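User: Please walk me through this model step by step, and spell out your cut-offs as you go.

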Amino acid sequence: MIPAEFPLRETPQERSPDALDVPRSQRTQWNVRDSDGTLVIGKIEEDPGTNWAIACATRYKRPLLICNPDDPIAEKKVREWVAANDLSVVSVGGSSESSAPGIGDKAYALLSAVFGRGELTAKRR
């Protein structure tokens, strides 16, 4: 159950009718659909969920950035992408911890650097 303080909705089903072979595909599709852009953090590999997020970004014509958190200018790239596309809501996805050990900490550090300093103001819808 999602806590009441978060204005989120659970998806009615686990898988999208368009991606029945991808776990949590409806959640991914809705996150991409309901955002202004999609940020994929990590290496693109044979991961059906990440590939589905990329396909959804294309389908919904959302700006897409695939970013390696080990890139020394990753923070700059994300900031420039957000600003250039005037993004308020960003769907974030990418490699899982099981397929890329340490990616969670790297993603958290990158997102904190980009969105946690106040240079980018979060807009509320």
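**What covers helix 1**

Analyst: Strand 1 (37-41), helix 2 and strand 3 are among the elements that cover the buried residues of helix 1. Helices (H or I, at least four residues) and strands (E, at least two) are DSSP runs numbered from the N terminus, and covering rests on contact, meaning heavy atoms within 4.5 Å. The model is predicted, so to speak of ground rules: local features need pLDDT of at least 70, side-chain atom pairs count only at pLDDT 80 or more, and totals for chains, interfaces and linings use all residues. Residues are numbered from 1 along each chain as its sequence is written, and side-chain values use heavy atoms, leaving out hydrogens and water.

User: Which residues are buried in helix 1?

Analyst: Relative accessible area sets the class: under 20% is buried, over 50% exposed, and in between partly exposed (1.4 Å probe, protein chains only). Helix 1 spans residues 25-33. Its buried residues are Ser25, Gln26, Thr28, Gln29, Trp30 and Val32.

User: What separates the C-alpha atoms of Gln13 and Asn31?

Analyst: Gln13 belongs to the segment before helix 1. Its relative accessible area is 36%, so Gln13 is partly exposed. Gln13 and Asn31 are 18 residues apart along the chain, and their C-alpha atoms are separated by 14 Å.

User: How many polar residues does the contact of helix 1 with helix 2 have?

Analyst: The axes of helix 1 and helix 2 (residues 48-59) cross at roughly 35° and come within 9 Å; axes are lines fitted to C-alpha atoms, for helices over the stretch in contact, with angles running from 0 to 180 degrees between N-to-C directions. Ser25, Thr28, Gln29 and Val32 of helix 1 make the contact with Gly49, Trp52, Ala53, Cys56, Ala57 and Arg59 of helix 2. With Ala, Val, Leu, Ile, Met, Phe, Trp, Tyr, Cys and Pro counted as nonpolar, Asp, Glu, Lys and Arg as charged, and the others, Gly among them, as polar, this contact has five nonpolar, one charged and, for polar residues, four.

User: Which residues is Thr50 in contact with, leaving aside neighbours within four places in sequence?

Analyst: Thr50 is placed in helix 2 and is buried, at a relative accessible area of 5%. Thr50 and Val40 are ten residues apart along the chain, with C-alpha atoms separated by 7.5 Å. Beyond its sequence neighbours, Thr50 is in contact with Val40, Ile44, Gly94 and Ser95.

User: How many disulfides does a search of the whole structure find?

Analyst: Cys56 is buried at 1% relative accessibility, and Cys67 is buried as well, at 2%. A disulfide would be a pair of cysteine sulfur atoms within 2.5 Å. Across the whole structure, the number of disulfides found is zero.

User: What class does the angle put helix 3 in, relative to helix 4?

Analyst: Two packed helices are described by the angle between their axes and the distance between the axes. Helix 3 (residues 74-84) and helix 4 have axes 10 Å apart and pack at about 50°. Since under 35 degrees is roughly parallel, over 145 roughly antiparallel, 65 to 115 roughly perpendicular and the rest oblique, helix 3 is, relative to helix 4, oblique.

User: How many charged residues are in the contact of helix 3 with helix 4?

Analyst: The crossing of helix 3 past helix 4 is right-handed. From helix 3, Ala74, Glu75, Val78, Arg79 and Val82 take part, and from helix 4, Leu110, Ala113, Val114 and Phe115. By class there are seven nonpolar and no polar residues, and the number of charged ones is two.

User: What is the phi of Lys61?

Analyst: Most residues other than glycine have a negative phi. Lys61 lies in the loop between helix 2 and strand 2 (64-67) and is exposed, with a relative accessible area of 73%. Lys61 is not a glycine, yet its phi is positive, at about 55°.

User: Where is Asp86 placed?

Analyst: Asp86, also not a glycine, has a positive phi near 50°. At a relative accessible area of 53%, Asp86 is exposed. Its place is in the loop between helix 3 and strand 3.

Note on methods: A crossing is left-handed if the near helix is turned anticlockwise from the far one by less than a right angle, and right-handed if clockwise.
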